[in-house]
Amino acid sequence: MKNFDINLLRILNVLLEEQSVTATAARLHLSQSAVSKQLAKLRQTFADPLFERTPYGLRPTPKALSLSDSVYDILQQINQLTRAELFDPAQSQRQFHIDLVETAYALTYPRFMPQLLQQAPDISLTSQTWNDDSLQRLLRCEIDFGIGIFEWDERSSSHYRNVPLSLNYIELARDYPVCLMRRGHPALSEPWNLDVFLKYRHLQVSIGGLKRWLLDEILALENKQLDNAVNMTDFYAAAKLCEQSNLLMCYPSGPALAMIENTELIIRPIPIELEPGGYLLLWNKHFDLDPSHQWLRQLITNGVNASLRK
């Protein structure tokens, strides 16, 4: 490996994550031809094909998989060498970018931003609502953090174990869905069970780019589904509609309890057994050793944990 080009390892690392020449080229702002040429050099260097073409993309060979952890560790060490050893929040003008689900704003920002503004008056945060592309943005290091909803229930396709390997995460809080309905709803005069829950039409509030909730997935396993009359993204408008109709609405309990205080809505448990889900703070492992990143991670987690202990 005389005169080995370290950039080859960067390309190998992204190829292992993306398992696609096209996606790797786009992420590294290179042409597909350039990535293919570098892959040829990698194959020659390691005396192994490294990737096999399949109808679903590139499949790493056992040799490539065995190199994965070492390549990542080497790149992290190189990145650390180029970073400043000290980080002074009071002097920093860094701008952080965060994608987060709608319900995570109230969970996090009021609980860490006051400390951030006090410790780092010139640091700024740019937020965007979590969407279908947020995980990819994290993988491409286009954003610093994501706060998304993931499930602990084994029946869910959004299980936390499905988080990509190149991302790290911390659990911020757990929550579970509840059912909201207006005072005087006819369901209140009936035994509260799954049959009654499914008998009435529902108002679905979509958050975080999720097209299906855990509840939908569990019902589908029993060949059942909610009868959704309307799908909305704004909780306050949905709550007003729920107050004025016989629609049922499911929503995470934490924000639901906080937002219905001055409404005519009441809460009932969802009559089906499911594991509470949770909010994860995610970031790319590329930022693991970045001092400013570590500082903000700690600020967010400490702020949320302190408020939940009260």
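Predicted model: local features only at pLDDT ≥ 70, side-chain atom pairs only at ≥ 80, totals over all residues.
Me: How confident is the predictor in the protein, and where is confidence lowest and highest?

Reply: The protein averages a pLDDT of 89, and 94% of the residues score at least 70. Confidence is lowest in helix α4 (residues 62–82), at a mean of 81, and highest in helix α7 (residues 194–199), at 96.

Me: Why is Thr24 called buried?

Reply: Buried means under 20% relative accessible area. Thr24 has a relative accessibility of 0%, and therefore counts as buried. This residue lies in helix α2 (residues 21–28).

Me: Which residues does Thr24 touch, leaving aside those up to four places away in sequence?

Reply: Thr24 touches Ile11, Val14, Leu15, Glu18 and Val35. Contact here requires heavy atoms within 4.5 Å.

Me: What makes the approach of the Thr24 side chain to the backbone oxygen of Ser20 a polar contact?

Reply: The cut-off for such a pair of N or O atoms is 3.5 Å. The side chain of Thr24 reaches the backbone oxygen of Ser20 at 2.7 Å, so the pair is within the cut-off.

Me: What separates the C-alpha atoms of Thr45 and Phe4?

Reply: These two residues are 41 residues apart along the chain, and their C-alpha atoms are separated by 8.7 Å.

Me: What makes a space a cavity, and how many are there of 30 Å³ or more?

Reply: In a cavity a 1.4 Å probe fits but cannot get out. The structure holds 2 cavities of 30 Å³ or more, and the largest cavity has about 320 Å³ of space. Its lining comprises 24 residues, with Pro177, Trp213, Cys250, Tyr251 and Pro252 closest to the centre. Strand β10 supplies the largest share of this lining, 5 residues. By kind, the lining residues are 16 nonpolar, 5 polar and 3 charged.

Me: What lines the largest pocket?

Reply: A pocket, unlike a cavity, is an open set of points. The largest pocket holds about 440 Å³ of space and is lined by 21 residues, of which Thr103, Ala106, Leu107, Gly254 and Pro255 lie nearest its centre. Helix α10 gives the most to this lining, with 6 residues. The lining divides into 13 nonpolar, 3 polar and 5 charged residues.

Terms used. Residues numbered from 1 in each chain as written. Heavy atoms only, no water. 1 Å grid on protein atoms, 1.4 Å probe; cavity = no way out; pocket = protein on both sides within 12 Å on 5 of 7 lines; lining within 4 Å. Points joined across faces, edges and corners; volume = space filled by probe spheres on them. Helix = DSSP H or I, 4+ residues; strand = E, 2+ residues; numbered from the N terminus. Nonpolar A, V, L, I, M, F, W, Y, C, P; charged D, E, K, R; others polar. pLDDT = per-residue confidence, 0-100. Buried < 20%, exposed > 50% of the residue type's maximum accessible area, 1.4 Å probe, protein only. Polar contact = N/O pair within 3.5 Å; in protein donor to acceptor, adjacent residues only side chain to side chain.
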